[in-house]
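Here are a few notes to read alongside the model. Have the structure open as you go through the points.

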Amino acid sequence: MKKHIQLGLALLLLVVSWPPLFDMLRETWMDGRLTGRYEIEHTFERDGFKTTVDTQELTINGLQITIEEIPTGQKAPLTFWDEEEGVPPGDIVRIQYYLNGKAISEADPIWLSNRDRGSRYYSWLDVLSVYDKETDEKYIYIVQRLTDDDANMAERAWKLIRISPEGEVSEETVSYADRSQHPLAVRLINYSGTSLMSMGYHSDILHGYPSLFFPLLYPFLTGVIGLIFLVVAIRKAIKG
């Protein structure tokens, strides 16, 4: 009877611990895979440091990228960060990109920032350089958030414009709901700061605030105890 109780407890602990452990392992594996394959950096430099783009003109490896701000006549809502710095709300503008003088993509709206901290486009758009070590190819990515600050995480979406060294342009739209199909896009969105809140590739389990209970007691400790109980129960069953 005692053996059955021990085995039942072991299985219970493993069953309740496995889902979050699996999510953690999957997120860690995917992150390591992308880190090993891609080198990512900002293309804009200020005071010797790479940072979020804060200019309307960039020349990268002979390719000229221009960011045009098309006025809408509207003001963005006053954000918490605006109030904290005591600055007025920024303008809402539509952003049109040009590559060597030719318009690319559609002009989508963003909220400009009047704050001293961060860039004029912080949390809305960035221009990144991505080197693929497997294919030995280097691309420019423009990452722009398409949903405003008030949108729920589940509703957020972004567009990513990829520019090859030859100036070939491709574009994809990624939403929070379908992000698992676009792991590199998730990495670029997080790196660019346009995610607002850091997100995972399949689950956000590694991006919350840790506590003593989670993940130390659950699922790590419960999983280890469940595994120990299972090994002990199996050994007892073998010995008869």
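1. Salt bridges first: the whole structure has 11 of them, counting a side-chain nitrogen of Lys or Arg within 4 Å of a carboxyl oxygen of Asp or Glu. One to look at is Asp31 with Arg187, where the closest N and O atoms are 2.6 Å apart. Asp31 sits in helix 1 and Arg187 in helix 3 (residues 183-192), so this pair ties together parts 156 residues apart in sequence. Helices here are DSSP runs (H or I, at least four residues), numbered from the N terminus.

2. A caveat on sources: this is a predicted model, with local features needing pLDDT of at least 70 and side-chain atom pairs pLDDT 80 or more, while totals for chains, interfaces and linings use all residues. Numbering runs from 1 along each chain as its sequence is written, and side-chain values use heavy atoms, without hydrogens and water.

3. On aromatics, the search of the whole structure gives 2 pairs (ring centres within 6.5 Å, with the six-membered ring for Trp; planes under 30 degrees apart are stacked, over 60 edge-to-face, the rest tilted). Trp18 and Phe22 make a tilted pair, at 5.7 Å centre to centre and 50° between the planes. Both belong to helix 1 (residues 2-37) and are 4 residues apart, about one turn of the helix.

4. Which residues make the nonpolar surface patch of about 430 Å²? They are Phe213, Leu216, Leu217, Leu221 and Ile225; patch members have over 30% relative accessible area and no salt bridge, with nonpolar side chains joined within 5 Å, and areas are Shrake-Rupley with a 1.4 Å probe. Leu216 is in helix 4 (residues 216-239).

How values were computed: Patch = residues over 30% accessible without salt bridge, like charges linked within 9 Å, V, L, I, M, F, W, Y side chains within 5 Å. Helix = DSSP H or I, 4+ residues; strand = E, 2+ residues; numbered from the N terminus.
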